[in-house]
Each structure stands twice: as C-alpha cells, then as structure tokens.
Amino acid sequence: MSKSASRTRLAEIIRKRSFGRGEITLASGRKSDFYFNLKPTMLDPEGAALLAELTYETLKDDGLDYIGGLEMGAVPLAGAIAQLSWIKGQPIAAFFVRKKPKEHGARLAVEGLAKGEGLQGKRIVIVEDVTTTGGSALKAAEAVKDAGGNVVLVLSMVDREEGATETFAQAGLAFRSLYKAAEFLKD
C-alpha cells in the first residue's frame with residue numbers, strides 16, 4: 001500500500017474507532033465538543049500496523065536510539081514501532097515513562113530498559129497518541145532529559161491544535177504530528 005493510501009486508510013479507522021462528538025473534559029482539563037480516544041485504533045490489528053508503518057516511515061532517517069512516552073498512550077505505539085523497526089532492520093528500542101514511579105520494586109520513572117541500559121546521550125523521540133496542550137508529552141520529555149537523554153522530536157498521532165506547538169517551542173523541542181484534528185472535523 002502506498003504511503004498516501006495507508007494514511008487515508010488509517011484516517012478512516014481513526015474516524016470510525018477513535019473519533020467522536022459530544023461534550024467531554026480532556027486530560028488538560030479543557031472542555032471540548034469532540035474527542036479522540038486512540039486506544040481502539042492503536043489496539044486494532046490494522047490500526048496498529050498502519051500507525052507503526054506511518055510513524056516508522058516518518059522517523060526512519062532520524063538516527064534514533066529510543067522511542068517512548070508517557071503511559072498509557074505511548075505504550076502501544078512505542079511497542080508496535082519498536083517491533084516494526086526490528087523487522088525493517090533499523091531497530092529503535094522502546095520505553096515508557098510512568099506518570100508516577102511505583103512505590104515498590106525499582107521505583108523507576110522510565111521503564112523498559114534492561115539492567116545496565118540507560119538513556120544517557122541517546123537520541124530519543126517522544127510519541128503521544130493525542131496532543132492537546134502538550135503537557136503529557138512534556139512530562140515524558142523532562143523525565144528523559146533528567147535521565148540524560150536527548151529528545152530530538154515529539155511526535156503525536158493527532159494534534160488537537162490547542163497549544164502543543166507553542167508549548168514545545170517554548171521548551172525548545174521539535175514537534176510534528178501525523179494528523180491535525182481539523183482533518184477529522186471537516187465532515
């Protein structure tokens with residue numbers, strides 16, 4: 001399937017499985033009359049494959065070491081992309097950042113790294129399913145920076161276009177998205 005056909009098909013899946021209208025309170029605390037819940041798309045076999053494919057194609061030439069972000073939205077994305085990167089012969093390892101470190105065990109904020117592995121000096125992309133103001137991805141980026149990682153990009157699957165671009169610019173982080181909310185609001 002061509003990149004254009006993959007993008008069109010993924011938009012159809014998102015529209016069917018993950019987009020809705022009706023008043024909702026977003027993670028940012030804002031009220032909205034539309035929403036995206038990308039989990040049904042990320043956990044659908046075709047949706048997961050297309051998200052991984054389009055994200056991998058966007059990132060494959062960036063020389064990345066790791067991909068990850070804040071739980072829960074980034075977990076299915078990072079895992080699918082890591083798997084596809086291995087299949088394509090350009091492995092990008094995955095991790096995730098806990099919203100709050102566990103109070104038992106290793107008490108880690110960044111999960112998924114084996115003993116002796118670290119983010120120090122590594123090139124990292126933060127992924128997010130849906131971005132509104134950018135607060136969740138910024139939290140993940142800060143945890144990565146605290147661990148010594150170099151965040152080279154924040155990539156969202158859908159940007160609601162409600163302040164994330166400005167948030168990331170102020171933080172000195174490059175930001176891109178696969179889709180803009182406006183693409184789904186046309187109908």
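This briefing describes the sheet, the helices, the cores and a few single residues of the structure above.

The model is predicted, so local features need pLDDT of at least 70 and side-chain atom pairs count only at pLDDT 80 or more, while totals for chains, interfaces and linings use all residues. Residues are numbered from 1 along each chain as its sequence is written, and side-chain values use heavy atoms, with hydrogens and water left out. Helices (H or I, at least four residues) and strands (E, at least two) are DSSP runs, numbered from the N terminus.

**The sheet and the hairpin**

- Six strands make up an open sheet with mixed pairing, and their order is β5-β4-β3-β6-β7-β8; two strands are said to pair if DSSP finds at least two bridges between them.
- The edges of this sheet are β5 (110-111) and β8 (175-180), each of which pairs on one side only.
- Strands of a sheet pair through backbone hydrogen bonds, and the pairing is either parallel or antiparallel.
- Between β4 (residues 93-97) and β5 the pairing is antiparallel, over two bridges, and V97 stands opposite V110 in β5.
- Strands β1 (residues 19-25) and β2 also pair in the antiparallel sense, over five bridges, and I24 has S32 in β2 as its bridge partner.
- These two strands, β1 and β2, form a hairpin with five residues between them, and G29 in its turn has a positive phi of about 95°.

- At the start of α3, a side-chain oxygen of D44 comes to within 3.2 Å of the backbone nitrogen of E46.
- Among the buried residues of α3 are G47, L51, T55 and Y56, where buried means under 20% relative accessible area, exposed means over 50% and partly exposed lies in between (1.4 Å probe, protein chains only).
- Helix α5 (residues 135-146) lies across β3 (66-70), β4, β5, β6 (123-131) and β7 (150-159), and runs at about 160° to β6; axes are lines fitted to C-alpha atoms, for helices over the stretch in contact, and angles run from 0 to 180 degrees between N-to-C directions.
- The buried residues of α5 are A137, L138, A140, A141, A143 and V144, and they pack against β3, β4, β5, β6, β7 and α6.
- After α5 comes G148, whose phi is positive, near 90°.

**The nonpolar cores**

- A nonpolar core is a set of buried Ala, Val, Leu, Ile, Met, Phe, Trp, Tyr and Cys residues joined through side-chain atoms within 4.5 Å.
- The largest nonpolar core contains 34 residues, and F36, L38, I67 and Y179 are those with the most contacts inside it.
- At least two residues of this core come from each of α1 (3-17), β2 (31-36), α3, α4 (74-87), β6, β7 and β8, and α3 gives the largest share, six residues.
- A second, separate core has 20 residues, including Y66, L70, F95 and V97.

**Single residues**

- Y179 touches R7, L10, A11, I14, L54, M157, V158, D159 and F184, leaving out residues up to four places away in sequence; contact means heavy atoms within 4.5 Å.
- S6, which is found in helix α1, counts as buried because its relative accessibility is 0%, and its contacts beyond four places in sequence are M1, L50, E53 and L54.
- A80 lies in helix α4 and counts as partly exposed because its relative accessibility is 22%, and beyond four places in sequence A80 touches A48 and A52.
- R98 sits in the loop between β4 and β5 and is buried, with a relative accessible area of 17%.
- The side chain of R98 makes a polar contact with the side chain of E111 at 3.0 Å; a polar contact is a pair of N or O atoms within 3.5 Å, and within protein one must be able to donate a hydrogen and the other to accept it, while residues adjacent in sequence count only if both atoms are side-chain atoms.
- F168, in helix α6 (residues 164-170), is buried with a relative accessible area of 0%, and beyond four places in sequence F168 is in contact with T131, G134, A137, L138, V154, L173 and F175.
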